Amino acid sequence: MDPPASKDGPDGSSLKPVSSLLAKFENMNKAGDAQQSSGSSARTTSPAPKPDRLRDPSPSGAREPPAIPTRPKDRANIPSLQPQFTGVSVASTGYSSSPIRSVPPPISSLGPRPAQPPSLNVQPPQSPSPSRNVDSVAVGERPSFLQTDSLVKAASPATASKQFKIPSRPITPATSDPQRSPRLAATQPPSPPPPRRSGELQRPRDVEKPRPVPPPVNRAEKPVIPSRSSVQIDRSQALDIKTRTPERISPFSSPPSSNGTPDEDDSPPMLPARPRAQQQQREPNPEGLQRSRTLHVGFVSPPLHPSAARQRRGRGEENGSVRGPLTPHLTGGNQPPALPARPHSIIETSRTLNGMMMMAPPPRPPRPGVNTNLDPNPPGSISQKRIVSTPTQHQPSIPSRTHVRSMTVDRTSNRIPNEFRAPPAPVSAPTHDRIPERIPERIPEVVPVTSSRTANPGPTVTMAYPDPTNTNRSKPYISKGVHEIYTKYDTRMLDVCGELVCTTGGFTRVWSFLDGELGMSLSMGEGQKGTAVMFKPGAHVDDEGTKVWIGNNIGELLEADIGTQRITDSLPNAHGRYEIIRIYRHFNEVWTLDESGALNVWGPDESHTPTLSSGPSQSFRVPRGHTFSMVVGDELWYATGKDIRIFKPTVDGKTQFQVLLRALSQPDTGEVISGTLLASDPDRVYFGHSDGKVSVYSSKDYTCQCIMNVSQYKINSLAAAGSYLWAGYNNGKVTVYDVTQTPWTIKKEWVAHENPVIKLIADRSSSYKLDRYQVVSLGADNMVRTWDALLQEDWLEGEMKRKDVEYCEFQNLKVLIMTWNAGASTPHSLRYSDSDASFFRDLLQSADSPDIIIFGFQELVDLEDKTATAKRFLKPKKKEGSDQERMSHQYRDWRDFLIRSLDDYMQGDLYHLLHTAPLVGLFTCIFVKADLRGRISNLSSNEVKRGLGGLHGNKGAIVVRFLVDDTSLCFINCHLAAGQSGANQRHNDVAAILDANVFPSERDPSVRIDSYVGGGDGTMILDHELCVLNGDLNYRIDTMSRDTVVTAVKQGNLTKLLERDQLLVAKRRNPGFRLRAFDELPITFAPTYKYDVGTDNYDSSEKKRSPAWCDRLLYRGRGRIEQLDYKRHEVRVSDHRPVSGRFRFLVKRIDPTRRAKAWMECHQLWEDLRAKEAHAEKYYYLTQVIGYDDATSERLIKEQASRRQMNRSPSRRQA
């Protein structure tokens, strides 16, 4: 071997292969091979334990230095990378030059430097310049293993059994020395460093009084051989690693088989920083702390040993966090320094998630951009493939990252890692990023979805609830066919096609709505049940309804023929073992969805119908957690909880699957559990929520148009028929809303099922197949019922009401109504005060001679006398005569007093006592003028007890109704539950009173239409045209103290108090509050409760009850009641003040001849309207459901009309 050319040049030793280096490492600790350094400058020996074998520092040693791994030849040389040295002469160290690298000359003279706090040098080594000599290296900046001054330092006690753990967030002491890295204390014997990378020159450490810190321990428990450097350096500029490093075995670079014990020096060398992608010089910070210059060079990270890789993955998954680059921080104390940061292979300038900028995207981004970001390959380079027959629980795969930072995510934690946090988006509400799930690569991946409250400016939240004033309560039966079918088994899924309805569960059965006959019954087998069903698309519209597809709970798809009642085809593993939850129809395609999120698209074959024999045409993956989904045009609107995602499955898979980058969501709504699409307005998509709200979205720009709070009950199902929205609720009711008005109006509401409504389906095919439009409901009572979607009876009734001016004569009646909680007072009590004695005189004389006078009293007996109340309730027969006699005397006294008052104060007008009705303190007394008495008919009264759960009459109502000419009138005198906190009980009392069937039914259909409203038959209160409700309703003022209320009353600030009135608050906020159907004139008088008897002072007793408007007058007349005044009267014999109101009632008298003519005209209008609606529904069915073009659809409609015309009788054909 040739000698070196010069002292500073490389020697003549040859390069050794990697295997030789490995063997050298394995033999380092053998005792027989230990050698000492023979020639160097004087150096003080450290008292720390020494390794068994050290490298020979002399240039002429007998032992050859270990070979350096060969550098890759395909790496580009970087001659411009300048090393940073602070000088010591290599000649003064006594170490020999490397056979490969040359040592540059010293840069500055030797000199001690003051001790600095340990710091982390994140500066990677840099290659020396060819024009620069490395012989001079500054003493203060030189690594400790190159120092000529031997320093004796106290060694830290070795703690080899305790490993040093790298903190997830580095806390690194920083110094003002830009070239100095913090030293690691020798808690374990240090090991020799790994081979130098790409021009690595130094490992600076402190010279004086370094702080002992533990050395890093190999996290993989076994040393690994480092990979080759990513940058090739010219050999003329390389340095000898042997001349600059003592022979210590590093825990990060020792071979796996190395078991030597390195010396326990107190100042182990630092690991080198890895190269970065580019060189970047930072300016000194304001504190004067110099930062090291960083070299950014792309590199290939060293391979990990399999055991180390497994341990790192395990730690990442357990921690559930994403570890970022280690950065130095200014800290105090003796905190251990962390390892240098691992570099980014690419310097990122913006935060991304799976290749997408995490900014607020527009609702519909350009699809090519989405495809490009989804996958590095071109969009057309990936072919859509089918999902495997037995899918595993794969989740959407995360695209490859452009950095080397750990991306392990704890999916059991709600904490969002920094990698996936989006910067603030320019929207009105904050965004929340979601991490995409992992799915097999052969399934088209879903763009990571960022759920936001709104992807657009906030929707309009309509606080006005739907108007219930004109609600119709009659059930919309269909005149032809069977109205209901009992399934006789537990079923939750159904589909309808014309006259056929198919239900599935433990059985799959098909019935006919024409005669109710069972057409098919198949048992699903033991342990199996049908979970989804749909009528299979036919090759022709006439073939619709001949076969059904059934999905079961084990992922199997079945095809059954209804005519033969047999299974004609099946695919056992269509969805693996996952339960099939939905089957959709998209023209002649079928989409099936299972609980794992696998969506299969079954395209048509050569017969233009989908088939199970060839398997799905395409498979996709959607998120788990399905709560509702439906097909809107070519898109699938898919809801998981509050979030709505939009996908576009296709047979060929060439279209971007996910339409929106972010989910649509509204924060103030419950889970999406139902939805529908109006045929009359296809741009608006309606979703029902679990909290009784309905959100409306645009199918064009995906904005939320509005949110309506329609009910307190869960909206289990939605359906659309014409311009009406049908909703099925948990209480078994079905409500029909007219959404064309603002606010919405409740057209119809009735009890459809005894149990919750499970499903509503508006059958689009019924218009074409049956020449009628039907809505089918399925209840938890396992009953299937059909309803008239066009609401014919409602339309006829409404049209007759609108035309009543053509056949009716109208007259105004003056009505006076007084309500008073008398507090067990008697007529004699009024004599003790002049103002009290003149009350009835003033009331009657100021009423302008009313035609009808109603007196409503409450508490004519002492209800607070617990003994008397208990006797009346518990012992009705004991002393019955005396108690009944006393009560009768009280009612008789008031009746006689009122008759005398009318005779005395209403001279010139003759009044007849029409009716009196008592109920344990309640008393109603009705007077009418003599000339009106002959026009009154159908008089009836009843009582509703609400005390003690409906058993006692201390609380409840007296209801009286009668007809004046052809107008029905109803008067309710009620006393509701008391107590400041009894608002809900009062709500329940009102509902029970209004829902009670208190009167006999009217049997004449024409009288029902003419004299009653809302489809009623006169049995309920709201069936009557004109209603007035009065009494002690006991509604109080909430959230205000008694003193505050009294002060506001004295100041005249009634508006402040009315804002907190329980009745008015319930009308504003409670859509199910039954008194919302009533009106009330604005209150302008002070609260009527509670006073000290005989005074004008509010309650000053121990209870000190807060004042409130307990005594009220409310009315409901559909525009035919006008209230003229609303006032209180100063009567001090009770703790309540009386309240009165004057009204004007509009009553009608029908001309039978003109009425018959109007009825015929209404029927003609209805036939025209029905034909128009039928044509629109047929056209919608053929174009939007079957998929025919416009011309074909029109031709089929005309052909069908011709066939039906030919089948009619000659007489009807001529008509």
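How many helices and strands does the secondary structure of the chain come to? The count is 19 helices and 45 strands. The model is predicted, and the points below take it region by region.

1. **Overall figures.** The chain has 1215 residues, and 54% of them count as buried. Its exposed surface comes to about 52,600 Å². Carbon and sulfur atoms supply 49% of that area. Take contacts between residues at least 6 apart in sequence: 68% of these join residues at least 24 apart.

2. **Confidence.** The mean pLDDT of the chain is 73. A value of 70 or more is reached by 59% of the residues. Over residues 127-188 the pLDDT is below 50. That stretch still has 284 contacts in the model beyond near neighbours in sequence. Residues 1-9 also stay under 50. For them the model has 20 contacts beyond four places in sequence.

3. **An open sheet of 6 strands.** The strand order is S37-S38-S36-S35-S45-S44, and the pairing is mixed. Which strands stand at the edges? They are S37 (911-919) and S44 (1121-1128). Each has a single partner strand, so one side of each is left without a neighbour in the sheet. From one strand to the next, the twist averages 15°.

4. **The S37 end of that sheet.** S37 pairs with S38 (residues 922-929) in the antiparallel sense. The pair is joined over 8 bridges.

5. **The largest nonpolar core.** This core holds 44 residues. Ile852, Phe962, Leu969 and Phe1145 touch the most other members. As a general point, nonpolar side chains in soluble globular proteins tend to be buried together. Phenylalanine 1145 is worth a look in the viewer. Leaving out residues up to four places away in sequence, its contacts include Leu813, Val815, Leu969, Phe971, Leu1026, Val1028 and Ile1121. Gln811, Asn812 and Arg1120 are also among the residues it touches.

6. **Strand S26, the buried strand.** Is S26 (residues 693-698) enclosed or open? Buried residues make up 6 of its 6, so S26 is largely enclosed by the rest of the structure. Lys693, Ser695 and Tyr697 point one way from the strand. Val694, Val696 and Ser698 point the other way. Both sets are buried.

7. Strand S25 (residues 684-689) runs antiparallel to S26, with 5 bridges between them. Arginine 684 stands opposite serine 698.

8. **The hairpin of S26 and S27.** S26 also pairs with strand S27 (residues 704-709), again antiparallel and joined by 5 bridges. Valine 696 has cysteine 706 as its bridge partner in S27. This hairpin has 5 residues between the strands. Tyrosine 702 in the hairpin takes a positive phi near 65°.

9. **Backbone points to check: positive phi.** Most residues other than glycine have a negative phi, and most peptide bonds are trans. Glutamate 859 has a positive phi, near 55°. Glutamate 859 is found in the loop between strand S36 (852-858) and helix H9 (866-874). Is this residue buried or exposed? With a relative accessible area of 16%, glutamate 859 is buried. Lysine 1104 also has a positive phi, near 45°. Lysine 1104 lies in the loop between H16 and S43. At 46% relative accessibility, lysine 1104 counts as partly exposed.

10. **Backbone points to check: cis peptide bonds.** Threonine 742 and proline 743 are joined by a cis peptide bond, with omega about -5°. Proline 743 is in the loop between strand S30 (733-738) and strand S31 (745-751). The bond from tyrosine 1089 to lysine 1090 is cis too, with omega near -5°. Where is lysine 1090 found? It is in the loop between helix H16 (1062-1069) and strand S43 (1111-1116).

Conventions
Residues numbered from 1 in each chain as written. Predicted model: local features only at pLDDT ≥ 70, side-chain atom pairs only at ≥ 80, totals over all residues. Heavy atoms only, no water. Pairing = 2+ DSSP bridges. Helix = DSSP H or I, 4+ residues; strand = E, 2+ residues; numbered from the N terminus. Axes fitted to C-alpha atoms, helices over the stretch in contact; angles between N-to-C directions. Core = buried A, V, L, I, M, F, W, Y, C linked by side-chain atoms within 4.5 Å. Buried < 20%, exposed > 50% of the residue type's maximum accessible area, 1.4 Å probe, protein only. Contact = heavy atoms within 4.5 Å. Areas by Shrake-Rupley, 256 points an atom, 1.4 Å probe, with all protein chains shown as cover. pLDDT = per-residue confidence, 0-100.
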